[in-house]
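Here is a short briefing to read alongside the structure. Please keep the viewer open as you go through the points.

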Amino acid sequence: MDKKYIIRELRPLKIKIYLHKAIKVLLTAFIISGFISLLLVISSLFVVIPFVRHKMLLIIGAGFISALFASLFFIPSTKQLIMTADGLGLNERVITAWYLFGDNSEVARLQRQDTKKVLQNTKLTPAYKITIDKKLYILSACIIIAAVLLTFIPGRVFNETR
């Protein structure tokens with residue numbers, strides 16, 4: 001067993017951790033871009049801003065695209081992956097095997113075999129639960145919906161904008 005074996009066995013867990021972080025980044029980007037859109041829509045009630053709905057959609061779209069690019073930087077490191085796997089019930093087997101790779105003693109060899117056997121028989125992906133605070137969903141949806149609904153309210157400069 002080598003280091004590549006551990007990484008290969010933990011790959012589904014790594015993907016799930018990455019998706020968890022990407023969803024959080026995406027919701028945060030929606031909150032930020034929704035808030036910027038809301039400010040734009042509120043200011044359009046007092047100042048002439050043509051095509052405010054179009055600009056609002058561009059801002060939200062830019063937030064979405066920037067969140068996709070930003071999520072590429074949140075790929076979990078090997079250390080984080082190993083520590084998460086050990087926290088899901090492997091009792092520090094993986095991290096011990098990882099740090100004993102240069103050691104050729106009998107104890108290290110037995111420990112690596114035990115880790116290999118446990119990794120083959122354990123499904124870590126179902127044990128890792130993706131939990132995202134409902135407040136993020138609700139807040140991002142409320143801000144974006146409020147911005148969209150405010151575009152239908154005629155402001156002080158409605159006739160000038162038209």
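The notes below go from the whole chain to a few selected residues.

This is a predicted model. The protein chain is built from eight helices and has zero strands. With a radius of gyration of 24 Å, well over the 15 Å that the globule rule gives for 162 residues, the chain is more spread out than a compact globule.

**Overall shape and surface**

- Reading from the N terminus, the order of elements in the protein chain is α-α-α-α-α-α-α-α.
- Along the principal axes, the C-alpha atoms of the protein chain fill a box of roughly 85 × 25 × 15 Å.
- Of the 162 residues in the protein chain, 32% are buried.
- If you take the contacts in the protein chain between residues at least 6 apart in sequence, 78% of them join residues at least 24 apart.
- For charges, the protein chain carries 22 positive and 9 negative side chains, with the centres of the two sets 10 Å apart.

**Helix 4 and its cover**

- Helix 4 spans residues 78-90, and its buried residues are Leu81, Ile82, Thr84, Ala85, Asp86 and Leu90.
- As a reminder, an α-helix has 3.6 residues a turn, so residues three or four places apart point the same way.
- The cover over the buried residues of helix 4 includes helix 2 (11-44), helix 5 and helix 6.

**Val94 in helix 5**

- Val94 sits in helix 5, which runs over residues 93-99.
- Val94 is buried because its relative accessibility is 1%, and the cut-off for buried is under 20%.
- Apart from its neighbours within four places in sequence, Val94 is in contact with Ile6, Leu10, Ile82, Asp86, Thr115 and Leu119.
- Two of those partners, Ile82 and Asp86, are also listed among the buried residues of helix 4.
- For a sense of distance, the C-alpha atoms of Val94 and Ile138 are separated by 38 Å, and these residues are 44 apart along the chain.

**Gln111 in helix 6**

- Gln111 belongs to helix 6, residues 106-121.
- Is Gln111 buried or exposed? Gln111 is buried, since its relative accessible area is 15% and buried means under 20%.
- The side chain of Gln111 reaches the backbone nitrogen of Ala97, at 3.2 Å.
- Once neighbours within four places in sequence are set aside, the contacts of Gln111 are Arg93, Thr96, Ala97 and Leu100.

- Most residues other than glycine have a negative phi, which makes the next two worth a look in your viewer.
- Phe51 is not a glycine, yet its phi is positive, near 55 degrees.
- Where is Phe51 found? Phe51 lies in the loop between helix 2 and helix 3 (52-71).
- Phe51 is exposed, because its relative accessible area is 67% and exposed means over 50%.
- Asn91 follows helix 4, and Asn91 too has a positive phi of about 55 degrees although it is not a glycine.
- The loop that holds Asn91 is the one between helix 4 and helix 5.
- Asn91 counts as exposed, since its relative accessibility of 60% meets the requirement of over 50%.

Methods: Residues are numbered from 1 along each chain as its sequence is written. This is a predicted model: local features need pLDDT of at least 70, side-chain atom pairs count only at pLDDT 80 or more; totals for chains, interfaces and linings use all residues. Side-chain values use heavy atoms; hydrogens and water are left out. Helices (H or I, at least four residues) and strands (E, at least two) are DSSP runs, numbered from the N terminus. The radius of gyration is taken over C-alpha atoms; the globule rule is 2.2 Å times the number of residues to the power 0.38. Buried means under 20% relative accessible area, exposed over 50%, partly exposed in between (1.4 Å probe, protein chains only). Contact means heavy atoms within 4.5 Å. Lys and Arg count as positive and Asp and Glu as negative; His and the chain ends are not counted. The place of a charge is taken as NZ of Lys, CZ of Arg, CG of Asp or CD of Glu. A polar contact is a pair of N or O atoms within 3.5 Å; within protein, one must be able to donate a hydrogen and the other to accept it, and residues adjacent in sequence count only if both atoms are side-chain atoms.
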